[in-house]
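Here are some comments for the colleague who asked for a second reading of this model. They take up helix packing, pockets and backbone details in turn.

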Amino acid sequence: MEDIIFREFPAMDERMKERISLLYPAYAEWNEKINVISRKDIDMLYLHHVLHSLAIAKYKCFEKGSRILDVGTGGGFPGIPLAIMYPECRFTLCDSIGKKIRVVNAVVERLGLENVTALNGRAENAEGMFDYVVSRAVTDLRNFIPWVKGKYSKSIIYLKGGDVTGELKTALKTNRIAPEKATVTEISDFFKDAFFNEKKIIEIRK
C-alpha cells in the first residue's frame, strides 16, 4: 500500500521509507481503540491521508530549520507525513480534542519522530512564531484565518476540496487580505489518481 508514496517520492531515504511503512500498522491499531480515521477509510490510508498530506511537499519545499504549525491535526494529518519528509524542520501539531492528540503522540513515539511536538489545545495556545501554518480543511477559511493571526511569518498552506472560489474571496475580504496574496493550486497537477480531481492547495502569503 505504501508503494504509492514511494513512487511519487523516489528520492526518499531508507529511514523515511521505514517510517512511511509503519504508518498503516500504527493507525490500524489505534483506530480500533479511537476512531480517528473512518473505519471504511483505513484501508485507503496511504492514498486518502498520507499522499493527500504530502501534496504540500510537492508544492512547497520547506527550508531547513523551518517551524510549522499544523492546526486541527486530528490524528496527525498533514503534520506527521510532512515531518517524515522534512526531518530538519520542527512541527507542532495541535488539536483541541485530547484523544486525537493521544493518537498523535503514540504514532510519533512509534516512528521515533524527534521533530514533532503535540499540543492539546487551540492554535492560539501554541507558543511562539512559526514560518508556516498548515491544515486540512478544518473549517471555513473565513474562520480559520483569525485563529492563526500573528502566528506565522511566511504563509498559510491549506488543503481543501471542491470549488473554493467563493469561500476564498469571502475569507480574504473579511480578513482584509489582498487577493494577490492568495494562490490556488490543483493537487491533480501532482497526482493523477481521480481522488484528487477536485482537491486544492490554497496558499495565503503574509
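**Notes on the predicted model**

1. In this predicted model, helix H2 (residues 14-31) and helix H3 (residues 45-59) have axes that come within 12 Å and cross at roughly 120 degrees. Angles of 65 to 115 degrees would count as roughly perpendicular and those over 145 as roughly antiparallel, so H2 is oblique to H3. The handedness of the crossing of H2 and H3 is right-handed.

2. As for the residues that make this contact, H2 contributes Ile20, Ser21, Leu22, Leu23, Tyr24 and Tyr27, which meet Leu45, Tyr46 and Val50 of H3. By class, the residues of the contact of H2 with H3 comprise 8 nonpolar and 1 polar, with no charged residue among them.

3. H2 also packs against helix H5 (residues 98-111), at an angle of about 140 degrees and with the two axes 9 Å apart. H2 and H5 are therefore oblique to each other, and the crossing in which H2 passes H5 is right-handed.

4. Which residues of H2 meet H5? They are Arg15, Arg19, Leu22, Leu23, Pro25, Ala26, Tyr27, Glu29 and Trp30, and their partners in H5 are Arg102, Val103, Ala106, Val107, Arg110 and Leu111. The residues of this contact of H2 with H5 divide into 10 nonpolar and 5 charged, with no polar residue.

5. Turning to the pockets, the largest pocket holds about 230 Å³ of space. Its lining is made up of 14 residues, of which Ile145, Lys149, Tyr152, Asn175 and Ile177 are the closest to the centre of the pocket. Helix H6 (141-147) and strand E7 (199-205) each give at least two residues to the lining of the largest pocket, and by class that lining has 6 nonpolar, 3 polar and 5 charged residues.

6. The second largest pocket has a volume of about 170 Å³. The residues lining the second largest pocket are Val71, Gly72, Cys94, Asp95, Ser96, Gly121, Arg122, Ala123, Glu124, Val138 and Trp147, and they divide into 5 nonpolar, 3 polar and 3 charged.

7. Two backbone details deserve a look when the model is inspected. The peptide bond from Phe77 to Pro78 is cis, with omega near 10 degrees, and Pro78 is placed in the loop between strand E1 (67-71) and helix H4 (79-85).

8. Where does Ala137 lie? Ala137 is found in the loop between strand E4 (130-136) and H6, and H6 is one of the elements that supply at least two residues to the lining of the largest pocket.

Note on methods: Residues are numbered from 1 along each chain as its sequence is written. This is a predicted model: local features need pLDDT of at least 70, side-chain atom pairs count only at pLDDT 80 or more; totals for chains, interfaces and linings use all residues. Side-chain values use heavy atoms; hydrogens and water are left out. Axes are lines fitted to C-alpha atoms, for helices over the stretch in contact, and angles run from 0 to 180 degrees between N-to-C directions. Helices (H or I, at least four residues) and strands (E, at least two) are DSSP runs, numbered from the N terminus. Angles under 35 degrees count as roughly parallel, over 145 as roughly antiparallel, 65 to 115 as roughly perpendicular and the rest as oblique. A crossing is left-handed if the near helix is turned anticlockwise from the far one by less than a right angle, and right-handed if clockwise. Contact means heavy atoms within 4.5 Å. Ala, Val, Leu, Ile, Met, Phe, Trp, Tyr, Cys and Pro count as nonpolar, Asp, Glu, Lys and Arg as charged, and the others, Gly among them, as polar. On a 1 Å grid over the protein atoms alone, a cavity is a set of points where a 1.4 Å probe fits but cannot get out, and a pocket is an open set with protein on both sides within 12 Å along at least five of seven lines; lining residues have an atom within 4 Å of a point. Grid points are joined across faces, edges and corners, and a volume is the space filled by probe spheres set on the points.
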